[in-house]
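Have a look at the model first, then read on.

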Amino acid sequence: MTAPTFPPRVFSGIKPSGGLTLGNYLGAIKPWVGMQGPSYQTIYCVVDLHAITVWQEPAELADGTREIAAGMLAAGIDPEKSILFNQARVPEHTQLAWIFNCVARVGWMNRMTQFKDKAGENAEAVSLGLYAYPSLMAADILLYHATHVPVGEDQKQHVELTRDIAAKFNHDFGREFFPLTEAVIEGPGMRIMNLRDGTKKMSKSGESDMERINMLDDADTIAKKFKKAKSDPEPLPEEVSALAGRPEAKNLVAIYASLSDQSTEAVLAEFGGEGWGKFKPALADLAVEKLAPISGEMRRLMDDKAEIDSMLERGAERAREIARPILRETYEIVGLQYS
Ligand code: ATP
Ligand code: MG
């Protein structure tokens with residue numbers, strides 16, 4: 001068995017499939033920032049190869065990648081403390097993904113709810129890449145022998161599939177080579193819902209701009225979106241249990257809790273009994289207070305494309321130093337010749 005990495009290794013990524021949303025920030029980037037430090041070795045990636053599983057305009061993709069990287073940096077990912085790069089610069093991801101395509105079973109892929117949601121009625125016409133996506137995600141993680149993957153709740157099933165792939169590989173080849181990675185899914189920000197429909201998650205690729213808060217939205221837009229966000233006729237409850245069956249109310253309270261680093265209980269202790277006319281403006285003010293410094297810094301960073309590109313290139317070199325020996329050993333285990 002390959003010696004377990006110490007400190008434990010964290011890997012996670014975001015696709016440049018649109019601008020960053022509040023869901024990406026609260027469910028992913030904010031927890032990533034918190035994991036930087038001596039307890040973990042942190043590796044964060046702009047997963048551009050995942051983005052092209054659905055059509056991306058070639059002329060816009062590189063800027064999309066830079067925008068996601070700028071968002072991560074502006075929110076506090078430190079390229080000295082973490083390895084930050086874009087996936088396409090490290091070809092070992094796709095090399096390992098091919099091996100995993102030959103380990104994963106079609107029946108496993110058929111159970112992936114994200115594929116069903118994204119393919120919708122159109123499953124015959126979507127790309128093969130969209131179907132194979134979880135196998136590339138398993139490669140992203142296991143190429144670094146990552147032990148922890150901080151993600152939003154929507155990615156839980158893909159991390160479980162990653163464990164299944166690791167376990168089958170280890171079993172088939174008789175080697176305890178890949179770790180059984182754990183998803184880290186915590187806090188009220190793990191599943192931020194669509195502002196117009198509290199039963200669907202907020203997504204950067206969602207149809208309407210009004211259903212999400214973008215990291216680059218200005219203060220007026222944020223206030224307008226929360227004002228128009230779907231709620232319900234009841235005031236906020238005093239008890240968390242009373243949010244059951246009220247998906248929109250639950251979501252708005254969760255956003256407040258996550259942005260203010262409080263528990264849902266603490267938010268309801270403050271606002272329980274109040275109406276939306278009081279809560280929504282307070283939520284908008286809080287979101288602006290937290291997001292404005294990040295979006296300002298993001299814009300500043302995005303002005304210097306060359307600087308972002310060279311930072312991503314340096315990150316990719318560091319990532320490849322870890323990835324190459326693991327891919328080489330994988331090839332050896334499989335019996336492939338490699339030069
Ligand atoms: P797309 O619509 O293109 O799938 P997305 O907004 O779902 O975009 P991803 O790049 O797929 O973003 O996911 C990046 C990270 O953000 C993942 O860790 C994912 O779990 C997290 N995330 C995405 N949406 C949410 C959400 N609504 N709430 C919490 N976390 C989220
Ligand atoms: Mg997604």
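How do the residues of the lining of the largest cavity divide into nonpolar, polar and charged? There are 14 nonpolar, 14 polar and seven charged ones, where Ala, Val, Leu, Ile, Met, Phe, Trp, Tyr, Cys and Pro count as nonpolar, Asp, Glu, Lys and Arg as charged, and the others, Gly among them, as polar.

Bear in mind that this is a predicted model: local features need pLDDT of at least 70 and side-chain atom pairs pLDDT 80 or more, while totals for chains, interfaces and linings use all residues. Residues are numbered from 1 along each chain as its sequence is written, chains are lettered from A and ligands numbered from 1 in the order in which they are written, and side-chain values use heavy atoms, with hydrogens and water left out.

**The largest cavity**
- A search of the whole structure turns up two cavities of 30 Å³ or more; a cavity is a set of points, on a 1 Å grid over the protein atoms alone, where a 1.4 Å probe fits but cannot get out, and lining residues have an atom within 4 Å of a point.
- The largest cavity holds about 550 Å³ of space, a volume being the space filled by probe spheres set on the grid points, which are joined across faces, edges and corners.
- Its lining runs to 35 residues, with G13, N24, D154, Q155 and K201 nearest the centre.
- α1 gives the most to this lining, five residues; helices (H or I, at least four residues) and strands (E, at least two) are DSSP runs, numbered from the N terminus.
- At least two residues each come from β1, α1, α6, α7 and β4 (148-150).

**Ligand 1**
- Ligand 1 sits in the largest cavity, meaning that more than half of its atoms lie within 2 Å of the cavity's grid points.
- For polar contacts (pairs of N or O atoms within 3.5 Å), an oxygen of ligand 1 is 2.6 Å from an N or O atom in the side chain of S17.
- The side chain of N24 has an N or O atom 3.1 Å from a ligand 1 oxygen, and a polar backbone atom of I192 lies 2.7 Å from a ligand 1 nitrogen.
- The protein covers 98% of the 590 Å² of accessible area that ligand 1 has on its own (Shrake-Rupley method, 1.4 Å probe).

**The second largest cavity**
- This one has a volume of about 40 Å³ and is lined by Q114, F115, L130, Y133, P134 and H158.
- α6 and α7 each give two or more residues to that lining, with three from α7, the largest share.
- The lining has four nonpolar, two polar and no charged residues.

**The largest pocket**
- A pocket is an open set of grid points with protein on both sides within 12 Å along at least five of seven lines, and the largest has a volume of about 840 Å³.
- Of its 32 lining residues, D117, K118, K201, S203 and S205 lie nearest the centre.
- The lining has five nonpolar, 13 polar and 14 charged residues.

How values were computed:
A polar contact is a pair of N or O atoms within 3.5 Å; within protein, one must be able to donate a hydrogen and the other to accept it, and residues adjacent in sequence count only if both atoms are side-chain atoms.
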